[in-house]
Amino acid sequence: MNGRIWTGDELTEDTTLTCDVCVVGSGAGGSVLGLELAKRGLDVVMLEEGGYHTRRDFDLNEAKAYSTFYQEGGNRATDDLAISIFQGRTVGGGTTINWCACFRTPPEILERWRDVHGVKGLDTAALTPHWDWLEERLSIRDWPIEQANRNNRILWDGLGALGYSRGTVKRNVRACAALGACGVGCPTDAKQSMLVTLIPEAVEKGMRLYANASVRHVSTQGTRVTAVHADVLDPATSRPTGKRLTVKAKVTAVCGGAINSPGLLLRSQLTGRGNVGKRLFLHPVVISQARFRERVEAYSGAPLTVYSRQFIDRGPGKLGWLLEVPPLMPLQSAVALSGFGVEHQEHMASLPHANALISICLDGVQPGDEGGSVALRDAREYTRFKIRYPLRDFHWEGFREALKVSARIQFAAGAEQVMSPHSRPVVMRGEKDIALLDRAPYSPLECSVVSAHQMGGCAMGGSPETSVVDSTLRYWDLDNLFVVDGSVFPTALGVNPMETILGVAHWGSQHVAAAVGRSA
Ligand SMILES: Cc1cc2nc3c(=O)[nH]c(=O)nc-3n(C[C@H](O)[C@H](O)[C@H](O)COP(=O)(O)OP(=O)(O)OC[C@H]3O[C@@H](n4cnc5c(N)ncnc54)[C@H](O)[C@@H]3O)c2cc1C
Ligand code: SF4
């Protein structure tokens, strides 16, 4: 087999391919799976709806990056617009544009998946050899505090001053120049994303990758998927060219990520007995912005290198959170941070002095927290889904407390001023003002909430009545359909999800490979 990457403009006529495994999506889950199958000598075809962009395209131009490398041009959001959703759509998926933070799955989360959701065989011991391999292959190493940029150092210092637990983050980089551009694509190929690591290796081993190929549905007969149907997209506009790509594979693996994977199954009339699209988790985030007298320059330097899980477990019924910092790229800050008009102009002018803390809330582990849902819009909608995520009292309580903690940390690190993410921001000039956060409005659109970690929608579990895939990642009611990405998580994680997805995919590849044997 000769591996190669094709783009949409090369597919000038309708094409039908046959292969052992069709992998839909080239992100964290799909790439690991593609390589592991290709290594076993299997004939793999990978379809990716995003474009094939490489470091030559990663020119730090934010306007181009969000509109090109992100889902819905960077404008994905829940239906009520209360939560903005940042998600990758390019060869390499989220790994091409993410911030490089790597965490193994907290053991208590895997235990919950076993005890509450009936997942079998997926514990820390089972995943450890897979993580060991991935960490070696992707150069996942600690980023020492001495190399932290000022933005991260503020979190480190504030946590230390208040006696809170703190740690440094592992990153998947090699010879990183600390440019800070991870979120718009790494121009030096230092980031060990799937784009520069496992995808090229899989292609060398014979995998065929088609970029600009948007899978519209899979067709089934009895208990089997018989074909995968994709529209070829024009790389320049991302619109369908009218050409079709059909793949007939022994086994199909859907790896489109949370939101898109359940969306594809629903378009294919595969509802998983009503479970597809349920249990969507977003790790909802609130951002606390601070201004320091000195320059912080939060747009440069390795973006995310310090964290704290001090508040991850606040007891039953209470939302816990992970603390980190985001990079403050100018365009993204202009959209995500508070204020309008002159006030906003002033914030933007002082961007070099700004720091921000993010509280990444752990959803799906509290009693009754079923998260959100994905459903289809009308037939004319091409990439948009109906994404619902009800924010309830316990979310708002968590967000309010998280903002108070962030403000305390920022003042402890020397902030002159801290601002809340409200549409009319609470402006605090010292510790004494933190109580003002209690009087602020906590409701959709009045307090901004964002998400960069989507999980669930095709939950894994012990029963077809409550989950979409079994503990081998196989769709319960079909013999040759698997889901291998973050959409199979039955809950969120409370840490950044990439390494869990990579590990689960590496572990799960054995089940997909075995199914090819059964189909032969
Ligand atoms: C700005 C940002 C920063 C982040 N930072 C971090 C971080 O520091 N650490 C971390 O652990 N995580 C981070 N994440 C999250 C992480 O990147 C994702 O959780 C992870 O990439 C998800 O993996 P996945 O395999 O589930 O899906 P993805 O990586 O999203 O891959 C899915 C791919 O499938 C394609 N696809 C979808 N539907 C179809 C279809 N119908 N046909 C063809 N192709 C399709 C998509 O275009 C996409 O490329 C970040 C995310 C963002 C957006
Ligand atoms: S910080 Fe490192 S990995 Fe991120 S874009 Fe810059 S060089 Fe690449």
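## Helix H4 and its packing

Helix H4 packs its buried residues against helix H5 (124-137) and H12. Contact here means heavy atoms within 4.5 Å. Helices (H or I, at least four residues) and strands (E, at least two) are DSSP runs, numbered from the N terminus. This is a predicted model: local features need pLDDT of at least 70, side-chain atom pairs count only at pLDDT 80 or more, and totals for chains, interfaces and linings use all residues. Residues are numbered from 1 along each chain as its sequence is written, chains are lettered from A and ligands numbered from 1 in the order in which they are written, and side-chain values use heavy atoms, with hydrogens and water left out.

Which residues of H4 (residues 107-115) are buried? They are Ile109, Leu110 and Trp113. These three cover an arc of only 100° around the axis, so they sit on the same side of H4. The arc is that of the directions from the helix axis to the C-beta atoms. An α-helix has 3.6 residues a turn, so residues three or four places apart point the same way. Buried means under 20% relative accessible area, exposed over 50%, and partly exposed in between (1.4 Å probe, protein chains only).

## The shell around ligand 1

Ligand 1 is surrounded by 40 residues. A residue counts if one of its heavy atoms lies within 4 Å of the ligand. The closest are Gly29, Glu48, Ala101, Gly486 and Met498. Five helices and strands each supply at least two shell residues: helix H1 (28-39), helix H3 (94-97), strand S10 (213-221), helix H8 (260-267) and helix H12 (498-519). By class, the shell holds 16 nonpolar, 19 polar and five charged residues. Ala, Val, Leu, Ile, Met, Phe, Trp, Tyr, Cys and Pro count as nonpolar, Asp, Glu, Lys and Arg as charged, and the others, Gly among them, as polar.

Backbone atoms approach the ligand at several points. A backbone N or O atom of alanine 28 lies 3.3 Å from a ligand 1 oxygen atom. For glycine 29, the distance from a backbone N or O atom to an oxygen atom of ligand 1 is 2.8 Å. Tryptophan 99 places a backbone N or O atom 3.1 Å from a nitrogen atom of ligand 1. Taken alone, ligand 1 exposes 1,000 Å², and the protein buries 98% of that. Accessible areas come from the Shrake-Rupley method with a 1.4 Å probe; for residues, only the protein chains shown count as cover.

## The loop between S23 and S24

Aspartate 470 is found in the loop between strand S23 (455-456) and strand S24 (481-483). Aspartate 470 is buried, at 9% relative accessible area. Its side chain makes a polar contact of 2.7 Å with the side chain of threonine 472. A polar contact is a pair of N or O atoms within 3.5 Å; within protein, one must be able to donate a hydrogen and the other to accept it, and residues adjacent in sequence count only if both atoms are side-chain atoms. Not counting residues up to four places away in sequence, aspartate 470 touches Met460, Gly461 and Trp476.

Glycine 462 lies in the loop between S23 and S24. Glycine 462 is partly exposed, at 33% relative accessibility. Its C-alpha atom is 9.4 Å from that of tryptophan 113, 349 residues apart along the chain. Leaving aside neighbours within four places in sequence, glycine 462 contacts His117, Gly118, Val119, Ser467 and Trp476.

## Positive phi

Serine 139, in the loop between H5 and strand S6 (140-142), has phi near 55°. Serine 139 is buried at 8%. Arginine 279 has a positive phi of about 55° and is buried at 11%.
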